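Here is a friendly walk through a structure. Keep the picture open while you read, and look for each part as it is named.

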There are 2 protein chains.
Amino acid sequence: MALIVQKYGGTSVGNPERIKNVAQRVAKFKMLGHQVVVVLSAMSGETNRLIALAKEVQPNPDLREMDVLVSTGEQVTIALLSMALMELGLKARSYTGSQVKILTDSAHSKARILDIEEHNMRADLDAGYVVVVAGFQGVDEKGNITTLGRGGSDTTGVALAAALKADECQIYTDVDGVYTTDPRLVPEARRLKTITFEEMLEMASLGSKVLQIRAVEFAGKYKVKLRVLSSFDDEGEGTLITFEENDKMEQAIISGIAFNRDEAKITVLGVPDRPGIAYQILGPVGEANIDVDMIIQNVGADGSTDFTFTVHRNEYTKALAVLKGVQSHIGAREVSGDDRIAKVSVIGVGMRSHAGIASNMFRTLAEEGINIQMISTSEIKISVVIDEKYMELAVRVLHKAFGLEQGA
Amino acid sequence: MALIVQKYGGTSVGNPERIKNVAQRVAKFKMLGHQVVVVLSAMSGETNRLIALAKEVQPNPDLREMDVLVSTGEQVTIALLSMALMELGLKARSYTGSQVKILTDSAHSKARILDIEEHNMRADLDAGYVVVVAGFQGVDEKGNITTLGRGGSDTTGVALAAALKADECQIYTDVDGVYTTDPRLVPEARRLKTITFEEMLEMASLGSKVLQIRAVEFAGKYKVKLRVLSSFDDEGEGTLITFEENDKMEQAIISGIAFNRDEAKITVLGVPDRPGIAYQILGPVGEANIDVDMIIQNVGADGSTDFTFTVHRNEYTKALAVLKGVQSHIGAREVSGDDRIAKVSVIGVGMRSHAGIASNMFRTLAEEGINIQMISTSEIKISVVIDEKYMELAVRVLHKAFGLEQGA
C-alpha cells in the first residue's frame, strides 16, 4: 500500500464529464489498496472568468480580494470531485487551503507555503477517505485567504506529498510526459521515461510549461518523487523525475532542447568599467520589480564595458525606460534593446562529464547561418539568445544534432 | 453616527454594473458618517448553476460537499463588492462565513447560527472599513463549511445586526417594501410604511416572499429594527418592521392579504375518536421528514372523527403514501387528498380588538361563490383553504372588502 498524491490541472476537471473521469482514475488507485490525496485546479477558463469580473469593478484589483475571488475556482472542483467519488461508492472529503490548513505568508497572489497541518488529512486517509484538496490556495496566520500564484496547484501537490511523506506525487496534465523538445515544433521529439530533477528544473525555467518551476524546486528540496502523466491516457507511464543520475549518464548526454520567446534583451554600451557598475545598472531595474534572467558583461579594452541582460518581454518597455532614466547617471554611451529574441538551450546532466557539447551546439547553429547574440552556461545547460525568427529552425537542427529522436 | 447592516439579494448583485450601484449606495451611507456592514447573496442564478453542476456528477448530492460548492457564490460577490468600494476610495474588507466566524451547528444545507464572533468586524468598523460579509454561510466547530439554506442571507443580515447591536438592518430586495398583497395580483395593492413584527411573520410564512421567515423570527427574538427596501430605488423609505402596535391599531385593522399555493391537503376519514389518534396519524408523517402546516380535526357523532392536514405540495405524494401505509393500523375508513388547493389569509394585529373580521371575510367569499374547505385562525390572522382556481379572485375581493387600497 502506497500513499499517492495526484494533481489534476484545469483541463482535466474542465466539465462534469471530465471530473467523473478523474474520479474513475482515483478509484482505480484506491481499489489497488493505495491511499490517495487529490489536488485540483479550477476548471479551465474559470480563473480567467473571475479575473475579468474583477477588472470590471476595479481595473487594478486589490490583491487580498482577488485571492478571495479566485480561490472559489478550486473550491468548486474539490466539492464536485468529492461528489463524483461518492457516486462511485468511495468515501471522500474536500478541503480548502484554509481547512487543511496550508499556512502561507501574507503575500497575496504569490504567497509562499510556510507549513502544512497534516493531522486531519492523515486521520481521513487512515479512515479510508480520499482526501480532495484545493490547489493554489492557502491561508495566512490572520485567516486571510492567499493564493500561490498561477500554476500554484503543482506546488500544492508537491508540498502535500512532502508533508505527508507520500510515495509518489503524480502531476496529471494534458501532455503525457516530458519530451526532448516541444513535439509541435519537432515531430520527432520523444517522451523521456526519466529526467533528473536538475534537468527538469532547467526545462521548466526555460519555458517547457509541463510543470511549474516552483513545484520542481519544492520537489527537489524535499526529495519528492514526481511523475508527469496525461489525464487523458490510461496506459502511459509518463515521465519520472529522478534524483539519481547514474543510469541516466550512460544513456544520453543531452536530455532535451528547451526554448523561450518570452524574453527581450537590453544592452548598455560604453559603461565605465569600475566596481559597482553592475549594481548601478541592475539596482534600479530590481527596484522597479522587474525580474532579470540572463546577465552578460564583456570587459572592453578602452576602460569601458558593455552590459547586456534579458527581462520578460512584457516588461521590456518598462525596463528600457528605467535604464534611459539612469543612463547619464551611470555614464553609459548608449542604451538599446531588442524584444524580438528567443532563447534556446540544450540541457543534460551528461554534459558534466562530456566535452564538446558547446562546440557541437555552436557549429550546428553556424552551419544554418544562425547568429548567436548571447551565450550563458551552467553545469547542465548551454543557452543562446538568437533572433526570434530562427528559433524553430534552431530547435529542430539541435534536436537532430544531439540524436534526441533516437530514444534511450 | 449609526451602525447599519445592509443586506443585498442576488438580483441586486447580479452583474458588475449592479455591484457598482450597491457600492455607490453603501458609499452614500458611509459619507453620512455611518458604520456599514454589508451582507451579500450570490449573483442571481449562480446558486442554481452550481446545483446543476453538482447534480451532473451526483444526482443526489452529498450535503457537506454541496455546502462547500454553493458557498463559493457569496465568496465571489463579497470580493467583487469590496473591490468596487475600494474603487470609490473607501476602505473595505470581505469576510466569508468562516472568517467572521459565524459558528453554526453541523446540519449541512440548513444549519442554525449558534454564535457570531464580532471582534474582528468591530475592529475593522472602528478603523473606518466597510465590512462585507458573505450571507447564507457559516462554519461548524470542526471547520466544515455550512449553509443556512435558501434565503439564509436575510438571516445572516439580522444575526449580524443582533450581534453588533446595529441601529438598523436594511434588507434590499427587488421590491420596494411590503405590500398589502401582491401588486401583480391586485394593482391597487399599497406599500405599507410600517408593519408589526408579528404581522410580518405571518406574511412571510404565508408566502409573501419579501423576507425569509427565519430572518423575521431572528429579528423578533433580538429586537432588531428591520427595514425592507428596494435596491433599484434611491428615494423610497421601504417598509419598517416595528415592535410597537400602538400607532398601528388606530390606522388599520388589517395589514394585508397573504396567499400560498404551494400546499396540498390530506384527509383521513372515519378514524376512531380516541386519545393518541393525532399522534398515530402525524407521527409517521414527521418520521418521514415531512413538515405539516395546518391541522384540523372535527369531532364526529358516531365515535369516529375526520382529520385533515396540509403539507408542501412537493411532499404530497410522499405524505399520501405514508398515510395509505398506516391506514389499516389506525383504523381509518379512507385516506384521500387534494393538491389543487390554495391558502388565503387576512392578517392584522388590529383584529385582536375588532370583532367581525372573520364574518366579513367569510361573507365576502360566499358572495363570490367560493367554497371554504378549511379554516384556521390565530390571534392576528384568519386563513382559509379554497380551490386553487379561486385564489386570485379571493385575494382581490378580500383586498377590496377590507379597504386596503385606501392607504393609511
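In chain A, A:Lys101 sits in the loop between helix H5 (97–100) and strand E4 (102–104). Bear in mind from the start that this is a predicted model. What is the form of the peptide bond from A:Val100 to A:Lys101? That bond is cis, with omega near -10 degrees.

Now turn to chain B. B:Lys101 is found in the loop between helix H5 (97–100) and strand E4 (102–104) of chain B. The peptide bond leading from B:Val100 to B:Lys101 is cis, and its omega is near -10 degrees. The table sets the two bonds out for you.

| Peptide bond | Form | Omega |
|---|---|---|
| A:Val100 to A:Lys101 | cis | near -10 degrees |
| B:Val100 to B:Lys101 | cis | near -10 degrees |

Another backbone detail is waiting in chain A. A:Ser109 is not a glycine, and yet it has a positive phi of about 80 degrees. You can find A:Ser109 in the loop between E4 and strand E5 (113–116) of chain A.

## The sheet in each chain

Let us trace the strands of chain A. They include an open sheet of 8 strands with mixed pairing, in the order E3-E6-E2-E1-E9-E11-E12-E10. Which strands are at the edges of this sheet? They are strand E3 (92–95) and strand E10 (194–196) of chain A, each pairing on one side only. From one strand to the next, the twist averages 20 degrees.

Look inside that sheet at strand E1 (residues 3–8) and strand E2 (residues 35–40) of chain A, which run parallel and are joined by 6 bridges. Here A:Val5 has A:Val37 in E2(A) as its bridge partner.

Chain B has an open sheet of 8 strands too, in the order E3-E6-E2-E1-E9-E11-E12-E10 and with mixed pairing. E3 and strand E10 (194–196) of chain B each have a single partner strand, so one side of each is left without a neighbour in the sheet. In this sheet the twist averages 20 degrees from one strand to the next.

For a closer look at chain B, find strand E2 (residues 35–40) and strand E6 (residues 130–134). These two run parallel, with 4 bridges between them. B:Val39 stands opposite B:Val133 in E6(B).

## Where the chains meet

Finally, look at the place where the chains touch. How many residues does each chain bring to the contact? Chain B gives 40 residues and chain A gives 40 residues.

The size of an interface is often given as the accessible area lost when the parts come together. Chain B and chain A bury about 3200 Å² between them, and 64% of it is on carbon and sulfur atoms. B:Val57, B:Glu65 and B:Met83 supply 21% of the area that chain B buries against chain A, more than any other three residues.

Which parts of chain B supply at least two residues each to the side that touches chain A? They are helix H1 (16–31), helix H2 (46–57), helix H3 (63–70), helix H4 (72–87) and strand E3 (92–95) of chain B. The largest share of that side, 11 residues, comes from H4(B). Sorted by class, the side of chain B that touches chain A has 21 nonpolar, 10 polar and 9 charged residues.

What about contacts across the interface?

Notes. Residues numbered from 1 in each chain as written. Chains lettered and ligands numbered in written order. Predicted model: local features only at pLDDT ≥ 70, side-chain atom pairs only at ≥ 80, totals over all residues. Heavy atoms only, no water. Contact = heavy atoms within 4.5 Å. Buried area = accessible area lost by both parts, 1.4 Å probe. Nonpolar A, V, L, I, M, F, W, Y, C, P; charged D, E, K, R; others polar. Pairing = 2+ DSSP bridges. Axes fitted to C-alpha atoms, helices over the stretch in contact; angles between N-to-C directions.
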